Amino acid sequence: RRELQAVTGGVPRLINVICDAALLAGYARERSTLDAALVREVAQDLEFPEGERAPVMRERKKRRFGRSP
């Protein structure tokens, strides 16, 4: 759970993307549990940027839709 928070910054849409990919990878590898290493691997495969993600995504969304901070 901590790794998922770190990777997505808590953004629900990003959590869904990572979880979907991690579940698929876990199924393909016949794993019964998913760990932080798999979440990191999936984030790298999906080319999520390193470090804080949520603030960057929020700022992009605000600019895109003309919202002020």
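Thr8 counts as buried because its relative accessibility is 0%; buried means under 20% relative accessible area, exposed over 50%, and partly exposed in between, with a 1.4 Å probe and protein chains only. Thr8 sits in helix α1. A polar atom of the Thr8 side chain lies 3.1 Å from the backbone nitrogen of Gly10.

This is a predicted model, in which local features need pLDDT of at least 70, side-chain atom pairs count only at pLDDT 80 or more, and totals for chains, interfaces and linings use all residues. Residues are numbered from 1 along each chain as its sequence is written, and side-chain values use heavy atoms, with hydrogens and water left out.

Now the overall fold. The protein has four helices and zero strands. Along the sequence the pattern reads α-α-α-α. Helices (H or I, at least four residues) and strands (E, at least two) are DSSP runs, numbered from the N terminus.

Next, the interior. Of the 69 residues, 25% are buried. The largest nonpolar core has 12 residues, among them Leu4, Val7, Leu14, Ile18, Val39 and Phe48. Helices α1 (2-8), α2 (12-28) and α3 (36-45) each supply at least two residues of this core. Such a core is a set of buried Ala, Val, Leu, Ile, Met, Phe, Trp, Tyr and Cys residues joined through side-chain atoms within 4.5 Å.

Follow Leu4. Leaving aside residues up to four places away in sequence, Leu4 touches Gly9, Ile15, Ile18, Cys19 and Val39. A contact means heavy atoms within 4.5 Å. Among contacts in the protein with a separation of 6 or more, 51% join residues 24 or more positions apart.

Definitions and conventions. Polar contact = N/O pair within 3.5 Å; in protein donor to acceptor, adjacent residues only side chain to side chain.
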